Amino acid sequence: MSDRRHTLRLSTLLCALLIAGCGSELESLTDNELQDRVYECKGETSMSPGRAISCDNYERECQRRRKEGRFVC
């Protein structure tokens, strides 16, 4: 049971680190790259949970840029 708990904690930590690092990666995308990735996401009919999270992050980045007055997506 402790191995399972340890694995869960490690997975949670890794997910938190990935999410924290996504902001800078997404901010570094050009407007065209972000548009392309959002377009690809909208064209997919079934995706893995990880891909769905990535697509949600792209959408959030579009919204963030929209609030700045940059209508990218």
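Predicted model: local features only at pLDDT ≥ 70, side-chain atom pairs only at ≥ 80, totals over all residues.
A search of the whole structure finds two disulfides. One is formed by C41 and C55, and another by C62 and C73. When the bonded cysteines of the protein are numbered in sequence order, the pairing reads 1-2, 3-4. The table lists the sulfur-sulfur distance and the torsion about the S-S bond for each pair.

| Disulfide | S-S distance | S-S torsion |
|---|---|---|
| C41 and C55 | 2.0 Å | about -85° |
| C62 and C73 | 1.9 Å | about -50° |

**C41 and C55**

With a torsion of about -85° about the S-S bond, the disulfide of C41 and C55 is left-handed. The pair links distant parts of the chain, since C41 belongs to helix α2, which covers residues 31–43, while C55 belongs to helix α3; the two cysteines are 14 residues apart. Buried residues are those under 20% relative accessible area. C41 has a relative accessible area of 9% and is therefore buried. C55, at 8% relative accessibility, likewise counts as buried.

**C62 and C73**

The disulfide between C62 and C73 is left-handed because the torsion about its S-S bond is about -50°. The accessibility of each cysteine can be stated separately. C62 has a relative accessible area of 1%, so C62 is buried. C73 has a relative accessible area of 38% and is therefore partly exposed, a class that lies between the 20% limit for buried residues and the 50% limit for exposed ones.

**E61 in helix α3**

Helix α3 spans residues 49–67 and contains E61. The relative accessibility of E61 is 6%, and E61 is therefore classed as buried. The side chain of E61 makes a polar contact of 2.8 Å with the side chain of R65. Leaving aside residues up to four places away in sequence, E61 touches L26, E27 and L34.

**Helix α3 in summary**

Several of the residues described above belong to helix α3. C55 is in this helix and is bonded to C41 of helix α2. In terms of accessibility, C55 is buried at 8%, E61 is buried at 6%, and C62 is buried at 1%.

How values were computed:
Residues numbered from 1 in each chain as written. Heavy atoms only, no water. Helix = DSSP H or I, 4+ residues; strand = E, 2+ residues; numbered from the N terminus. Buried < 20%, exposed > 50% of the residue type's maximum accessible area, 1.4 Å probe, protein only. Polar contact = N/O pair within 3.5 Å; in protein donor to acceptor, adjacent residues only side chain to side chain. Contact = heavy atoms within 4.5 Å. Disulfide = S-S within 2.5 Å.
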